[in-house]
Structures are given as structure tokens and as C-alpha cells.
Amino acid sequence: MGSAVGSIDDSAEARRSLATLYERHADDAIGLAYLLTGDRVLAEDLVQDAFVRITARFVHLRDPDAFGAYLRRSVVNLANSHFRRRRVERRHLQGLSGSEPTVEPDLAVGLTLRDAIFRLPVRQRTALVLRFYEDLPEREIAAVMRCRTGAVKQLVFRAMQTLRRDLGEGGER
């Protein structure tokens, strides 16, 4: 009977520990997910999914201090999966209807920085958000995005060029 009480105590401690981690990291993770998706509800869902996935592996975390980095990577992966799934669904629906993709309105009309960022390709937006919102060095961004540091530099460079061009800030050289 002593072992059952011990496992209950361990379980309660794990729940308290997870609750503390959630309180410490959720707001930042939601902010990151929002900047990646542009949708507050989707951002909250992605963060909740990330926490659920991490909870399943919580006992296997070697370094509890790395939780934030692990959560960041999970949020980025889930956002990428969301966009991939959406692209596949859109192609399928276009195939069923036989219609061409709709043309986006002129970017120059009333474009704000927020709008311009959300119009970037997902990988460029992810690199930009991780670099300037999360303030991560290129090496860590490369680890999160599972690519080379040179690819991160190129993604950020292209995103900045596009933003300058779209916002009329002399990006053309």
C-alpha cells in the first residue's frame, strides 16, 4: 500500500510541475503561435496541443530547463503541420471544383506590417518571428526549423526584402 501512496504523491507533484510550466510558458508560446498563424484561437489550440504532446513525454525530459525550447519547437512543428494540411485541403477542393486559385488583392493597397508579415511564405515568416520576436540566434533558429544556419540567414534576408518592397521602404536595389 505504501507504493500506491508514493505513486499518487508523484502524480500530484507531476501535475503541479506541469501547471507551473504552463503558467510560465503558455503566454509566450501563444504569442509565438499567433505570429506564425495570425489566428488567436488557432494559436491557443496549437499551444494546447503542444503541451499535451510534451506532457506525454514529460518524464523523459533530460533537462527541465530546456522545456521552453522544446515547447517552441513543438509549436513551430504544429504550425507547419497546420499549414501543410491546409494547403493539401485547398488543392483537393480546387481539384473538386475545377476552379483556379483566387488572386490576392493588390498588396500595395492599405498594407500594414502585420498584413505583410502574414503574407510571407510560412518558412520565411517562421524564421523572421523566431529571429526578431523570440530573439533567437541563427544557430537556434536552425535547430528549431531543422535546417542549416545559412538557410535561416537566407530566409530572414528574403523576408526582409519582401517586407521592404511591399511596404515601400526601398527594398529594391
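These legends describe close-up views of a predicted model.

The model is predicted, with local features requiring pLDDT of at least 70 and side-chain atom pairs counted only at pLDDT 80 or more, while totals for chains, interfaces and linings use all residues. Residues are numbered from 1 along each chain as its sequence is written, and side-chain values use heavy atoms, with hydrogens and water left out.

**View 1. Overall fold of the protein.** The protein has seven helices and zero strands, in the order α-α-α-α-α-α-α along the sequence. Helices (H or I, at least four residues) and strands (E, at least two) are DSSP runs, numbered from the N terminus. Of the 173 residues, 33% are buried; buried means under 20% relative accessible area, exposed over 50%, and partly exposed in between (1.4 Å probe, protein chains only). Among contacts (heavy atoms within 4.5 Å) with a separation of 6 or more, 64% join residues 24 or more positions apart.

**View 2. Confidence along the chain.** The average pLDDT, the predictor's confidence in each residue from 0 to 100, is 81, and 77% of the residues score at least 70. Residues 1-8 have pLDDT below 50, and this stretch has zero contacts in the model beyond near neighbours in sequence. Residues 103-110 also stay under 50. For residues 103-110 the model has five contacts beyond four places in sequence.

**View 3. The largest nonpolar core.** A nonpolar core is a set of buried Ala, Val, Leu, Ile, Met, Phe, Trp, Tyr and Cys residues joined through side-chain atoms within 4.5 Å. The largest one holds 37 residues, and Leu 32, Leu 36, Val 47, Leu 71, Val 75, Leu 130 and Met 145 touch the most other members. Two or more residues each come from α1 (2-37), α2 (40-57), α3 (67-97), α5 (122-133), α6 (138-145) and α7 (149-166). Leaving aside residues up to four places away in sequence, Val 47 touches Ala 26, Ala 29, Ile 30, Ala 33 and Val 75.

**View 4. Helix α5 and the residue that follows.** Helix α5 has 12 residues and spans 15 Å from its first C-alpha to its last, close to the 16 Å expected at 1.5 Å a residue. The expected span is 1.5 Å times one less than the number of residues in the helix. Buried residues in α5 are Val 122, Gln 124, Arg 125, Thr 126, Ala 127, Leu 128, Val 129 and Leu 130. Just after α5, Asp 135 takes a positive phi of about 55°.

**View 5. Salt bridges.** The whole structure has five salt bridges, each a side-chain nitrogen of Lys or Arg within 4 Å of a carboxyl oxygen of Asp or Glu. Arg 72 pairs with Glu 134, with the closest N and O atoms 2.9 Å apart. Arg 72 lies in helix α3 and Glu 134 in the loop between α5 and α6, so the pair ties together parts 62 residues apart in sequence. Arg 72 is buried, at 16% relative accessibility. Arg 40 and Glu 44 form a salt bridge at 3.2 Å, N to O, and both lie in α2, four residues apart, about one turn of the helix. Arg 40 is partly exposed at 47% relative accessible area, and Glu 44 is partly exposed at 35%.
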